[in-house]
Amino acid sequence: MPPAEPLPAPDRPALRQDAGAGPTILICRPNTRLGNTLLMMPLVEEIESTLPGARVDVLSACPAAREVFQAFPGVRRVHQLPFRGVRHPLKYLLTLLRVRRTRYDFILDPSPNSWTARFLTRRLPGRVKVGFTTPRRRQGVDVGVPFEGAPRHMGAYPVYLLRRALLDLDVEAARVDGAKLGIRLTEAERVFGKEQLRRLIGEGSGPVVAVATHATGAKRFALEWWRGMIQGLTARLPGARIIEIRPPGGTASLAELPGYASSRVREVAAVIEAASCFVCADSGLMHLGAATDTLTVGLFKVTLPALYAPRRGKSCAVSARDDDPDAVAERIAQLLS
């Protein structure tokens, strides 16, 4: 494979326009996590706005990927790899064989770190293969964009890759921040969310705060921390009504609160959007909240907000300590005032 420096502008691959159709593009992101899948939405939006008529396919191992891209008309197909591919080798292979039926104009590997994505990018049929390069990772693509200089946020650097590699923008123009998540709920889905909220807590005039306690590893806060934060919040906002967004199985962490659970991410997003505010630790659910129009407060204690912070409207990252839930309650009350 050719080395990985960006091609000079005159040699960049032409965007094919056959019979009025835009180019065919495969986004190769075979990751299982909801958050990483949601963070591909800005890339799809950028393709829609800059390459009208482009036909986009997505290769993903996230079980919710089809729901995530359901409202994007430019996404023609989501190729769904099995969630744990090593346990389902035949299904994994058959999915890849279906992908190979199309020779794409462009295959985008939008992750600077995924060896699986680069491995598949090298082996799937495409006219031009595009991806990031680093000092240790320079092969496997036809057009390489140095990751040094890319924006730090994970939702922004796939957009940067597209702008540098295919749209021929300079570094400064490619870094212009437009990476906002948006799951594009329909009006019917919004009505559904409001109905579910009404079923849980009835009518009322105070703000509705949805919380989700589950997170992985060191990102998780103890249940007593959540109870302390909720106590501090309701002391500051006596009319606030609190609900819990629970895992798909419906297991309650805060059984004293009304809770909502669904295996459908769009239904969960609709309920979050019906609330006044959504509070959770850095997680896939945080990014789901950030893809709605509701104020989403992401709690960070071990991960970097610059990489993962929710960025939509007034949504924000809040640094949180295990020994100070009251400080978070104060910040949320300020945001809701």
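**Cysteines, a buried strand and a pocket**

The sulfur of C277 lies 8.2 Å from the closest cysteine sulfur, in C316, which is too far for a bond. A disulfide here means a pair of cysteine sulfur atoms within 2.5 Å. The model is predicted: local features need pLDDT of at least 70, side-chain atom pairs count only at pLDDT 80 or more, and totals for chains, interfaces and linings use all residues. Residues are numbered from 1 along each chain as its sequence is written, and side-chain values use heavy atoms, with hydrogens and water left out.

**Cysteines**

- The structure holds zero disulfides.
- C277 is buried (under 20% relative accessible area; exposed is over 50%, partly exposed in between; 1.4 Å probe, protein chains only), with a relative accessible area of 0%.
- C62 is buried too, at 2%.
- The closest cysteine sulfur to that of C62 is in C28, 15 Å away, so it is too far for a bond.

- Helices (H or I, at least four residues) and strands (E, at least two) are DSSP runs, numbered from the N terminus.
- Strand β11 covers residues 295–300; six of the six are buried, so the strand is largely enclosed by the rest of the structure.
- In a regular strand the side chains alternate between the two faces of the sheet.
- In β11, L295, V297 and L299 point one way. T296, G298 and F300 point the other way.
- Strand β10 (residues 277–281) pairs with β11 in the parallel sense over five bridges; pairing takes at least two DSSP bridges between two strands.
- On the other pairing, four bridges join β11 to the parallel strand β12 (residues 316–319).
- G298 takes part in both: its partner is C280 in one case and A317 of β12 in the other.
- β10, helix α11 (residues 284–290) and β11 form a right-handed β-α-β unit. Right-handed means that, with the strands pointing away from the viewer, the path from the first strand over the helix to the second runs clockwise.

**Largest pocket**

- A pocket is an open set of points on a 1 Å grid over the protein atoms alone, where a 1.4 Å probe fits, with protein on both sides within 12 Å along at least five of seven lines; lining residues have an atom within 4 Å of a point.
- The largest pocket holds about 1,100 Å³ of space, the volume filled by probe spheres set on the points, which are joined across faces, edges and corners.
- Of its 42 lining residues, R33, L34, G35, S283 and G284 are the closest to its centre.
- Helix α11 gives the most to the lining, with four residues.
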